[in-house]
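These are my notebook entries on a structure that I looked up. I set down each item in the order in which I examined it.

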Amino acid sequence: ESELTSLLKILICIRNEDDKKTLLNASIPLIYAHWEGFVSSSLKILMETLNEKELNCIDIHMNILTSCYEINLKEDLSNPTYEKESFKKKCKKLEYFVNLLNSNLKFQNFKVDTKSNLNFSVLEILCKKFNFNFKNFKDLGVKLEKLIKRRNGIAHGENSFLITKGDMEESIKLYIDLSGLLKNEIEVFINEYKYLKS
C-alpha cells in the first residue's frame, strides 16, 4: 500500500508531461499486480494455517474440502476413459477418497489460480472455494472490471488509454478497499470457523 501511495508523491514531483503520462499508465498494471499478489499471498497463508490446524477431513466444509482436493477430483471426474477403467482401478480411487475422510486436511499445492486475470468472476470462484461471502464484494464489481480492462489494454500495448491522476487515485483506493474486504473475509473465516461443516 505504501508503494502505491508513493506513486502519487512521485507524480507531483514530475514536471515533464510525457513522463507523467508514462507513470500514470504504468501505475495501472502495478496496482493490478498488487491486487493479484495480495490475493495469492493471503490465500496461501490461509491454506498453510488450515494445514497447521490438523483438521479432520470429515469435519471440513465441502467447499474447502473440494478446493483442497480439486486436482484429484479433476483427474477422476473429467477423465474420458473413466467408464473404461477396470473395476479394480475404480475401487482404488474410491479407497483414496474414503481414506481421505479419515485423515487430516492437507493442502499440498499452495498455488492460487487467478487465471492471470483476477477479475470479478475469478474473485467469485475464489470466494466460493474458500467459503467467503462474495456479496460483500459486489459493490466494487464494476470498478474492478474497469481496472482489469485498463490493465489488460495497457499490458497488451493498446495506446488508447489516457490514465489521469484521478484514475490512478481511484485504482489505488479500489485496491485498498478490495484488500480490506478480503482481509475481513479471512478473519471471519477463521474466527467463525467457516472452514468447518455448519
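Predicted model: local features only at pLDDT ≥ 70, side-chain atom pairs only at ≥ 80, totals over all residues.

Entry 1, cysteines. I began with Cys-127, whose sulfur lies 18 Å from the closest cysteine sulfur, that of Cys-68, which is too far for a bond. The term disulfide stands for a pair of cysteine sulfur atoms within 2.5 Å. Cys-127 counts as buried, because its relative accessibility is 1%. I took buried to mean under 20% relative accessible area, exposed over 50%, and partly exposed in between, with a 1.4 Å probe and protein chains only. I then turned to Cys-57, where the closest cysteine sulfur is again in Cys-68, at 6.6 Å, and this is too far for a bond. Cys-57 is buried, with a relative accessible area of 1%.

Residues are numbered from 1 along each chain as its sequence is written, and side-chain values use heavy atoms, with hydrogens and water left out.

I looked up its length: helix α1 has 12 residues (2-13), which at 1.5 Å a residue should span 16 Å, and its end C-alpha atoms are 17 Å apart, which agrees. Helices are DSSP runs (H or I, at least four residues), numbered from the N terminus, and the expected span is 1.5 Å times one less than the number of residues. Which residues of α1 are buried? They are Leu-4, Leu-7, Leu-8 and Leu-11. Seen down the axis of α1, these buried residues fall within an arc of 95°, so they line one face of the helix. The arc is that of the directions from the helix axis to the C-beta atoms. An α-helix has 3.6 residues a turn, so residues three or four places apart point the same way. Ser-2, Lys-9, Ile-12 and Cys-13 are exposed on the other side of α1. The cover over the buried residues of α1 includes α2 (17-52) and α8 (165-191).

I placed Asn-51 in helix α2. Its relative accessible area is 8%, so Asn-51 is buried. Apart from neighbours within four places in sequence, Asn-51 is in contact (heavy atoms within 4.5 Å) with Leu-105, Lys-106, Phe-107 and Phe-110.

The 15 residues of helix α5 (87-101) should span 21 Å at 1.5 Å a residue, and its end C-alpha atoms are 21 Å apart, which agrees. I found Lys-93, Phe-97 and Leu-100 to be the buried residues of α5. They cover an arc of only 55° around the axis, which puts them on the same side of α5. On the other side of α5, Phe-87, Lys-88 and Lys-92 are exposed.

I located Val-142 in helix α7 (residues 141-155). Val-142 counts as exposed, because its relative accessibility is 68%. The C-alpha atoms of Val-142 and Asn-119 are separated by 10.0 Å, the two residues being 23 residues apart along the chain.

Technical notes: Helix = DSSP H or I, 4+ residues; strand = E, 2+ residues; numbered from the N terminus.
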